[in-house]
Amino acid sequence: MTCPALPSVAEQAPPSRKRAAAPASRRADVHRPYIRVLHCGACKFTLLSYEIVRFMCKKMVFLPTTVGLSKITTISSHSATKTFMAAFPRPTASARPPRTGAAADCLPTSRITENSGMLTRSIVASLLSLSATLFPTFGGAMARDPTAGQFRIVVRYVALVLGLLLPLSATAAQNVTIVGKDFYLDGKPWLPKGIDVEAFNRPLGNYESPSLQESARQLRQYWGPTEIEAIKSVFGAQTIRLTISQPGLDPQSTIYSSTYRDEVLNAIRQARASGFVVIPNMDSQGENGVPNLPCMPNDSTKRAWKTIAPSVINDPGVMFELFNEPCRANWDQARKEWAGEMQGLVDMFRGMGARNILLLDGLGYAQWTNDLFPLVHDSMPNRLALAVHPYFDGLKKEPTTTPESYFRAHFGRDAASYPIIATEWNAVETNGCVDGRLPEIALSLVRYLQHMHIGLIGWAIDSEHGKLVKDHIHFEPTNYDNFQGCSGNKGPSVSGAGRLLAAFPNN
């Protein structure tokens with residue numbers, strides 16, 4: 001499969017800069033760096049423009065006449081040229097599909113992913129060769145004329161090109177898709193595994209008591225390179241779920257904050273830059289800043305999403321969890337309300353041009369997803385999935401039901417046919433604890449998810465009430481070694497499923 005050939009420099013240039021223009025204008029245009037983002041059916045990938053490849057991969061390297069330089073040297077870059085040809089072959093005229101071609105005419109995203117890193121390394125090597133060659137060439141010139149500034153300009157030009165190239169492998173390496181009921185990452189089967197982060201679950205502000213303000217600031221302080229690295233190295237996670245505040249993002253809310261909006265977007269970008277798939281999760285519970293808000297999706301949910309979604313909807317490594325834990329029990333009237341509100345959110349996202357995967361929490365605080373998926377539809381195939389939070393609250397009311405039967409009755413039956421992720425779960429002694437069997441039931445759940453090939457996201461690396469790590473110094477995962485039974489209070493937890501999550505999917 002191939003993609004349409006890149007247009008020539010003349011085709012890309014505006015009318016005043018066609019090849020027939022004056023030589024100075026032509027030379028300035030040839031070396032202008034571009035990144036072209038191509039959308040071709042279901043494919044979306046980033047290619048280097050013809051000008052950058054020409055600049056980096058040809059044996060003769062030229063620089064813009066605007067920096068006062070002429071042809072300077074010959075650089076051997078056969079490796080970069082070969083790598084580019086292998087990664088992005090130029091199709092023959094007869095093989096080129098029409099420019100309006102369908103998805104089948106596109107180069108598979110997985111192929112771009114596999115080769116982009118190698119391409120980047122080769123071109124970076126050429127950049128280093130160029131820099132090494134420039135040192136003696138311009139060192140003397142600078143000594144003779146320190147005010148010329150030519151060497152500084154050249155280095156800045158090279159740095160610009162390098163900055164454009166480096167994001168290629170990171171961005172292309174996280175493209176989440178669905179085939180049937182299974183998730184794929186960069187074209188390969190993928191079982192999502194991740195960690196929930198509560199650091200941005202509400203805006204900072206004096207609308208809260210001093211103790212709650214201090215708690216919110218502490219969560220912000222946890223967030224950063226150290227915590228992000230622990231998510232990756234301690235848990236082997238590839239996904240970060242960011243809980244975000246619906247009232248904090250709704251412009252009509254009393255606690256709306258544009259500063260908070262920027263914080264959320266920066267956190268998403270930081271997690272993506274660190275190599276994670278990101279799931280922003282819209283939440284309207286009391287800990288998100290305003291108590292007693294409606295516990296089902298509504299117009300406020302739509303307004304909140306509209307403040308941040310347009311900034312990230314073009315990133316295929318972002319999945320949106322539309323509304324956290326709709327509270328209604330799973331019965332006829334609640335299913336109708338759920339379907340109507342979720343359908344409105346799906347349509348809103350597609351109306352904004354979003355191609356991202358959308359995650360729909362089930363009813364009963366997301367503990368029940370059976371019978372829901374057929375109630376909604378999407379204009380885009382294979383871009384919807386269910387989200388379950390398989391806590392054990394209901395199991396306490398069914399002491400004679402086996403854990404496996406309970407899981408199947410609530411979410412497992414439909415999980416055999418529809419895509420689903422367990423986007424939030426932990427099992428602690430202070431919250432949703434069944435009885436003294438908690439460690440055994442937790443292990444049963446994790447094994448059930450593994451058997452059903454359902455991804456799992458743990459809650460949370462920074463929560464006192466659902467601990468996954470014992471502290472933020474050593475990041476040792478929690479376990480049940482010292483489990484003493486369920487606790488009646490809602491205070492900080494001691495035990496937790498951190499060790500089970502770290503071992504997932506090999507428990």
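**Loops, helices and neighbours**

Author: A460 is found in the loop between β15 (455-458) and α17 (498-503), where helices (H or I, at least four residues) and strands (E, at least two) are DSSP runs numbered from the N terminus. This is a predicted model, in which local features need pLDDT of at least 70 and side-chain atom pairs count only at pLDDT 80 or more, while totals for chains, interfaces and linings use all residues. Residues are numbered from 1 along each chain as its sequence is written, and side-chain values use heavy atoms, with hydrogens and water left out.

Reader: Which kind of peptide bond joins W459 and A460?

Author: Most peptide bonds are trans, and most residues other than glycine have a negative phi. Between W459 and A460, omega is about -10°.

Reader: What is omega for the cis peptide bond that joins F504 and P505?

Author: P505 lies in the segment after α17. The bond joining F504 to P505 is cis, and its omega is about 5°.

Reader: How many helices and strands are there in the protein, and what percentage of its 507 residues is buried?

Author: The protein has 17 helices and 15 strands. Buried means under 20% relative accessible area, exposed over 50%, and partly exposed in between, computed with a 1.4 Å probe on protein chains only. Of the 507 residues, the buried share is 52%.

Reader: Is N281 buried or exposed?

Author: N281 has its place in strand β10, which covers residues 277-283. Its relative accessibility is 0%, and because of this value N281 counts as buried.

Reader: Which side chain is joined to that of N281 by a polar contact?

Author: Contact means heavy atoms within 4.5 Å, and, not counting residues up to four places away in sequence, N281 touches R241, L242, T243, I244, E321 and N324. A polar contact is a pair of N or O atoms within 3.5 Å; within protein, one must be able to donate a hydrogen and the other to accept it, and residues adjacent in sequence count only if both atoms are side-chain atoms. At 3.3 Å, the side chain joined to that of N281 by a polar contact is that of R241.

Reader: Where is D378 found, and with which side chain does its own side chain make a polar contact?

Author: D378 is found in the loop between α14 (363-366) and β13 (384-388), and it is buried because its relative accessible area is 18%. Not counting residues up to four places away in sequence, D378 touches V346, R350, R383 and L384. The polar contact, at 2.9 Å, is with the side chain of R350.

Reader: What is phi of D371, a residue other than glycine?

Author: D371 lies in the loop between α14 and β13, and at 37% relative accessibility it counts as partly exposed. Its phi is positive, near 75°.

Reader: What is phi of Y365, again a residue other than glycine?

Author: Y365 has its place in helix α14, and at 40% relative accessibility it counts as partly exposed. Its phi has a positive value, near 60°.

Reader: At roughly what angle do the axes of helix α12 and helix α13 cross?

Author: Two packed helices are described by the angle between their axes and the distance between the axes. Axes are lines fitted to C-alpha atoms, for helices over the stretch in contact, and angles run from 0 to 180 degrees between N-to-C directions. The axes of α12 (residues 299-308) and α13 (residues 332-351) come within 10 Å and cross at roughly 25°.
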